[in-house]
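Subject: Model handover

Hello,

Here is the structure we discussed. Please have it open while you read; my notes follow below.

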Amino acid sequence: MKLLLVEDDRTIAEGLLYSLRSEGYEAVAAGSVKEAESRLAGEDFSLALLDLGLPDGDGTEVFDMVKRKGDIPVIFLTARDEEVSVVRGLDMGADDYITKPFRIRELLSRIKSVLRRSGGEAGSEIRLGDITINTASATVKKGDREVLLTALEYRLLLCFANNGGQVLSRSQLLESVWDVSGDFVNDNTLTVYMKRLREKLETDPQNPTVIKTVRGLGYKAGE
Ligand code: CA
């Protein structure tokens, strides 16, 4: 599931890319109409997030390109004084819009609902051993059985899912879980969460295979 973000404000773009990736989406950014055009020419996307005011044109131009390419859902990211253009965008067939400044949680829930409506959630499954994560519905299964995770456990699991077999240090994990949730999580809390997550995911929590411990370094997803 790949998202195209068209936004010329680098700070906003980088923050959004980070949050989208933490949620399990693959995401790339373009800072202008021209950049968006070349991205669209070479890659396929499941959804586009479009800023309206761009240095070399207007987000609605990108909208036209996106819709020429296929039926890809679009969410406009707008400033308060751009409502008129937004109404035009919605008339043209945009799926939703969100006014800046917005909360990242709010944007993520809009993205999910737009993807659900467009039927784009298929193919958004990530597998780790016998664990299947559906990032569109935020559900996790072990074999055929659904595993109920708290929001924080889910985010922790996604960190592993998004980083393949890479070793993640405790500080990397703390940073990504902390950054997204806004709650302070300390090192001991991480240990407790890892233990709970393993109890829910592992067949034998004493000999974990889904998420392995790498002594002195951190953790990594098993094969
Ligand atoms: Ca802008």
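First, a term. Helices here are DSSP runs of H or I with at least four residues, numbered from the N terminus. A lining residue of a pocket has an atom within 4 Å of one of the pocket's grid points. Please note that this is a predicted model.

**Second largest pocket**

H8 covers residues 187–201. The lining is made up of Thr-191, Met-194, Lys-195, Arg-198, Glu-199, Pro-205, Gln-206 and Tyr-219. By class, that is three nonpolar, two polar and three charged residues. The space in this pocket comes to about 180 Å³.

**H6 against H8**

H8 also packs on helix H6, residues 151–162. The angle is about 85°, and the axes are 10 Å apart. Angles of 65 to 115 degrees count as roughly perpendicular, and H6 and H8 are therefore roughly perpendicular to each other. From H6, the contact uses Leu-152, Glu-153, Leu-156, Leu-157 and Phe-160. From H8, it uses Leu-190, Tyr-193, Met-194, Arg-196, Leu-197, Lys-200 and Leu-201. Nine of these contact residues are nonpolar, none is polar and three are charged. Met-194 turns up in this contact and also in the lining of the second largest pocket.

**Aromatic pairs**

There are two aromatic pairs in the structure. One of them joins Phe-160 and Tyr-219. The geometry is edge-to-face, with 6.4 Å centre to centre and 85° between the planes. Phe-160 sits in H6 and Tyr-219 in strand S13 (residues 218–221), so this pair ties together parts that are 59 residues apart in sequence. Phe-160 is also part of the contact with H8, and Tyr-219 also lines the second largest pocket.

**Largest pocket**

What is the volume of the largest pocket? About 300 Å³. Its lining has 13 residues. Nearest the centre are Tyr-18, Ser-22, Cys-159, Asn-163 and Ser-176. Helix H1 (10–22), H6 and helix H7 (170–181) each supply at least two lining residues. The lining splits into five nonpolar, six polar and two charged residues.

**A cis peptide bond**

One last item for your checks. The peptide bond from Lys-100 to Pro-101 is cis, with omega near -5°. Pro-101 is in the loop between strand S7 (96–99) and helix H5 (104–117).

Best wishes

Key:
Residues numbered from 1 in each chain as written. Predicted model: local features only at pLDDT ≥ 70, side-chain atom pairs only at ≥ 80, totals over all residues. Heavy atoms only, no water. Axes fitted to C-alpha atoms, helices over the stretch in contact; angles between N-to-C directions. Parallel < 35°, antiparallel > 145°, perpendicular 65-115°, else oblique. Contact = heavy atoms within 4.5 Å. Nonpolar A, V, L, I, M, F, W, Y, C, P; charged D, E, K, R; others polar. 1 Å grid on protein atoms, 1.4 Å probe; cavity = no way out; pocket = protein on both sides within 12 Å on 5 of 7 lines; lining within 4 Å. Points joined across faces, edges and corners; volume = space filled by probe spheres on them. Phe/Tyr/Trp six-rings, centres within 6.5 Å; stacked < 30°, edge-to-face > 60°.
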